Structures are given as C-alpha cells and as structure tokens.
Amino acid sequence: MMPIYLYNTLTRQKDIFKPLKDKRITLYTCGPTVYSYAHIGNLRTYVFEDLLKRVLMFNGFKVKHLMNITDVGHLTSDADTGEDKIEKEAQKEKKTAWEIAEFYTKAFFDDIKKLNIIKPTLVKKATNFIKEDIELIKALEKNGFTYRTSDGIYFDTSKLKDYGKLTGMDFKTLNQTLKAGSRVEFSLEKKNITDFSLWKFSPKNAKRQMEWESPWGIGFPGWHIECATLNLKFLAQAFRGKQLVPEKAQTIDIHCGGIDHIPIHHTNEIAQVEAVTKKPFVNFWLHGAFLTIKEGRMGKSEGNVVLLNDLIKQGFSPLSYRYFLSTAHYRTPLDFSFEALKSAQESLNNLYEFVYNLLWDLKYNKNKKNIKTNKKLLNEYHLKWLNAINDDLNIPRALSILWQLINDYNTKSKEFNPKDVYQLILKWDQVFGLDLKRIKIIKTTQKVKKLLKEREKFRRDKNFQKADEIRNQLKEMGYLIEDTHFGTKIKPLSFIQYDEYYSSR
C-alpha cells in the first residue's frame with residue numbers, strides 16, 4: 001500500500017502516517033460555537049477535515065470521527081473575560097440560550113450537508129458532559145495544576161514542563177509572544193498570561209441561563225475543557241461511566257482544526273489531558289490555513305463575513321465553493337473573491353458536462369463503446385492521483401491529474417472506453433466529494449420529445465430556420481441541443497442547478 005504523508009504541526013514536518021491501532025483511526029475535529037452562522041471561512045476548515053477523512057477511508061481505514069458542539073463556555077475574549085457568546089446572542093435575539101444553540105446547530109449541519117461533508121461518527125454537545133468536566137478539573141486539582149481567582153478556577157501553565165510544545169516555543173517565549181502581540185489581555189489575578197479558566201463562576205448579581213453546581217461554586221466550564229473531556233471520554237476511553245480513570249487513557253490518532261487554534265485552544269487541550277494522563281494526547285495534529293478576503297483573515301470580529309447562503313442567493317452552488325477550496329492546498333491561505341468562485345463554478349460545470357458526455361458515449365456512441373481501454377495508461381493515471389492525495393492531501397494536484405485524464409480522453413479517443421473512465425472518475429470522487437454520480441442522462445418529457453421530433457423533420461427538409469427556432473425554444477426551456485453522428489444529444493443548459501438538485505435531497 002502506498003504510504004500517506006501528513007504534515008504534523010507537533011513535529012513541524014511531513015511524517016508517514018501510521019495508525020496507533022490496526023486499520024482503525026480516532027479523529028477529533030473542533031466543532032462550531034453555535035451562537036451564529038458559520039461563515040465560509042469557518043467552512044473551509046470543515047471541508048479540509050472532510051477531505052482528510054475521505055483520503056483515510058479511500059486508503060482502507062475505518063475512521064471514528066468525533067466532533068463537539070460548543071454550546072456553552074466560549075467567551076468573547078481569549079483572555080477568559082467578557083460574556084459567553086451564546087448568552088450574549090440570546091439577550092440580543094430575546095431567546096433562551098438553549099434556543100440559540102439549537103437554531104445555529106441546525107443551521108451548521110444544513111451547511112455541511114450542502115457541501116457534501118460526511119457527518120462525523122459522533123457529535124456531542126458540551127452541555128451534556130458537565131459532570132465529566134468537573135471530574136477532569138478535580139483530577140487536575142489533585143495533581144496540583146489549578147488555582148482559584150475571584151472569577152474562577154484556573155490552570156497554572158507554569159507547572160507543565162513542556163507547555164506550548166505545539167507552537168514550537170517554550171513556556172517563557174510563548175508568554176512573551178502572547179503578551180507582546182496577541183489579542184490576549186493579562187488579568188492581574190492570573191499568574192501567567194497563558195493560564196486559562198477551567199471553571200468560571202457565574203456573575204454575583206446576575207443569573208445565567210446556563211450554569212451548574214460544582215465543588216467550587218455555581219458556574220460553567222471553560223471553553224478548552226470541553227474538548228479535552230470529550231476526547232478522554234469517547235476517543236481516549238479514559239472515562240468509565242462518569243468516573244475518570246487517567247491511567248487507562250489511549251493516545252488519539254489525529255486532531256484537527258484551524259491554525260488560529262494552535263497557540264491557545266489546542267495548546268490548552270494538550271495541557272489539560274497530559275497533566276492527568278502523563279502520556280501523549282494526540283499523535284498527529286493537522287491545521288488548516290485561513291480563507292482571506294482582500295488579504296485579511298475572514299472572521300466575525302473582522303466584519304467581513306460571507307455566508308454559504310449568500311453565495312447561493314447569488315447563483316452559486318455549494319459544491320462550486322467546495323471545488324474552489326480544492327484548488328488550494330489546505331495549509332495555504334486562500335483569497336476569496338466572487339470572480340474566483342465564478343471560475344470554479346464554470347470548471348465544475350465543465351466537469352459535470354464531461355461526465356454527462358461519458359454517459360452519452362457509453363449509451364449511444366458505438367465507436368467508443370467498443371474501444372478496449374489502455375489499462376496501463378489508466379493505471380498510471382490512478383497511481384499519480386493516489387500519490388497526490390497521499391502526499392499531505394495535495395488535492396489541487398489530484399484535480400490537475402483529473403483534468404489531464406479528461407484532456408487525454410478527448411484527444412486520444414482510441415485509448416479509453418468511456419465506461420472505464422467513468423468508473424475511475426467516480427472512484428476518485430469518493431475523495432473529491434463533488435457528487436459526480438448525480439449526473440444522469442436527461443429523461444425528456446413528452447413535450448420535449450415532440451419538439452425534437454419536429455426539429456428532426458425540419459432538418460431533413462432542410463428548413464434550418466424552423467429547426468433553429470425549435471433549438472432556441474428548447475434553450476429557453478433549459479436544454480442545449482448538439483447534433484452528432486449518433487443522434488441528437490440533449491443536455492442541460494447548465495449542470496449547476498442548485499434549487500432543483502438540493503430541494504430533493
């Protein structure tokens with residue numbers, strides 16, 4: 001089997017990926033904070049993670065994929081200050097925090113369905129595992145990693161010998177870097193700027209909608225604790241019921257997220273888990289680069305958010321956006337523009353049309369139906385393609401190999417049987433996720449059949465003016481006509497037909 005190389009943030013190099021247990025892989029991906037819609041910059045990370053999972057599955061691995069839903073505890077500041085984002089949105093929309101979380105959770109899964117992202121094996125809400133969070137904090141307290149301030153229980157990062165290793169910096173350098181240049185503010189009660197909250201106390205003079213009893217007082221968990229808890233419970237298998245058994249914890253194969261999670265969120269996940277288990281938390285860390293817009297990061301705080309529904313309203317299909325993302329490597333910043341998206345949509349439409357033509361050739365073109373494929377040449381294409389996807393998910397190169405094959409099919413007609421090319425492209429689409437199998441030969445209505453019959457009669461009578469009038473009439477109905485040696489080919493005016501396609505899913 002061809003090896004898979006993945007860029008590991010922890011080692012800062014491409015390493016050969018080997019699962020920790022047989023062909024079974026544990027994969028954790030940070031899910032959405034459900035106080036608002038996910039924007040297309042957020043969605044880039046989820047598409048990258050979907051491509052990773054598809055590549056692993058294509059190589060024969062079974063993937064146990066866990067994703068969290070942050071429905072509590074994510075504050076408006078990375079310094080553990082400010083309001084809880086969900087509570088704040090609930091006040092703004094005059095709804096309960098639970099209603100806000102439920103609404104935006106549904107919106108998120110609607111978006112990933114439109115992008116043809118495979119749903120995780122397990123999806124867990126943070127609010128369902130508060131007792132387990134408390135157990136983990138108690139274990140950290142027992143091991144001497146916590147201290148109390150007026151607003152909560154904090155993790156003392158100076159107590160962990162290799163804190164910050166994911167960033168490539170030591171403890172002192174990371175603290176200096178965050179203090180000098182980041183959005184993290186320093187609280188006088190915190191011992192170190194890198195210290196973070198494990199449990200936040202509810203405000204004394206105001207009642208929160210989401211708060212729980214704990215050994216330290218009424219409050220809610222910090223953002224970083226939820227991912228650590230869920231990993232320990234469902235992937236590392238360190239919980240027996242609600243009881244934490246750290247010595248039983250297993251290392252997880254892969255953990256993913258955006259590059260913005262490296263210095264704080266993922267670094268703090270590592271700290272919490274390894275402080276109680278005393279063993280490596282994750283074997284491979286993978287991070288996706290930002291989607292930029294006019295050379296700046298896309299984000300809610302930057303005020304330059306574009307939603308998937310914004311693209312749809314402007315006539316773009318979600319899978320065109322997926323194609324657009326596939327034109328850049330996941331570790332490379334990608335600048336978004338509607339011009340670039342339009343180009344991607346045209347390319348995807350051309351790809352759909354090629355698949356349609358393959359099916360047409362297979363059904364009607366006798367010359368191509370009887371060709372014996374040059375299997376050696378086709379196999380060479382597949383090996384090049386497999387090498388691309390296994391080389392740290394080089395999807396752009398894999399796409400270029402697909403277009404090389406398409407060009408060869410169109411120019412070297414005696415080398416390929418349409419059936420073999422069609423089957424190979426559908427096989428590749430198990431990774432691309434562009435839903436090529438949805439393309440089918442159009443089943444014409446009686447009205448269309450009647451018009452085609454009339455047009456054929458006009459052509460035989462050399463009344464080309466009338467024949468063209470019917471061609472134009474069919475075009476207005478959304479059909480293109482192409483005359484071939486094997487009959488009249490009818491196809492959609494555009495294969496990007498969002499409403500018709502997705503309304504039936």
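Reply: In this predicted model, Asp-133 is buried and yet has no salt bridge, the nearest side chain of opposite charge being that of Lys-233, 10 Å away. Since a salt bridge is counted only within 4 Å, the place to look for a partner of Asp-133 is among polar contacts, and there the side chain of Asp-133 is joined to that of Thr-229 by a polar contact of 2.7 Å. Asp-133 belongs to helix α4, which covers residues 130-142, and, when residues up to four places away in sequence are not counted, Asp-133 touches Pro-221, Ile-225 and Glu-226 as well as Thr-229.

The N-terminal end of α2 is capped by Asp-84, which places a side-chain oxygen 2.9 Å from the backbone nitrogen of Ile-86, while just after α2 the residue Lys-94 takes a positive phi of about 55°.

Turning to the nonpolar packing, the largest nonpolar core has 147 residues, and those with the most contacts inside it are Ile-254, Tyr-321 and Trp-385. Helix α10 (residues 338-364) supplies the largest share of this core, 11 residues. Another core, of seven residues, lies apart from it and has Leu-451, Tyr-479, Ile-481 and Ile-490 among its members. With neighbours within four places in sequence left aside, the contacts of Tyr-321 include Ile-40, Arg-44, Leu-115, Leu-291 and Phe-336, and Tyr-321 also forms one aromatic cluster with Phe-316, Phe-324, Phe-336 and Phe-338.

The structure holds 25 aromatic pairs. One of them is the edge-to-face pair of Phe-354 and Tyr-409, with 5.5 Å from centre to centre and 85° between the planes; this pair links distant parts of the chain, since Phe-354 is in helix α10 and Tyr-409, 55 residues apart from it, is in helix α13 (residues 395-411). Both Phe-354 and Tyr-409 are buried. Trp-385 and Trp-428, by contrast, form a stacked pair, 5.2 Å centre to centre with 5° between the planes. Because Trp-385 lies in helix α12 (residues 375-389) and Trp-428 in helix α14 (residues 418-432), the pair ties together parts that are 43 residues apart in sequence, and both Trp-385 and Trp-428 are buried.

Key. Residues are numbered from 1 along each chain as its sequence is written. This is a predicted model: local features need pLDDT of at least 70, side-chain atom pairs count only at pLDDT 80 or more; totals for chains, interfaces and linings use all residues. Side-chain values use heavy atoms; hydrogens and water are left out. Helices (H or I, at least four residues) and strands (E, at least two) are DSSP runs, numbered from the N terminus. Buried means under 20% relative accessible area, exposed over 50%, partly exposed in between (1.4 Å probe, protein chains only). Lys and Arg count as positive and Asp and Glu as negative; His and the chain ends are not counted. A polar contact is a pair of N or O atoms within 3.5 Å; within protein, one must be able to donate a hydrogen and the other to accept it, and residues adjacent in sequence count only if both atoms are side-chain atoms. Contact means heavy atoms within 4.5 Å. A nonpolar core is a set of buried Ala, Val, Leu, Ile, Met, Phe, Trp, Tyr and Cys residues joined through side-chain atoms within 4.5 Å. Rings of Phe, Tyr and Trp (its six-membered ring) pair if their centres lie within 6.5 Å; planes under 30 degrees apart count as stacked, over 60 as edge-to-face and the rest as tilted.
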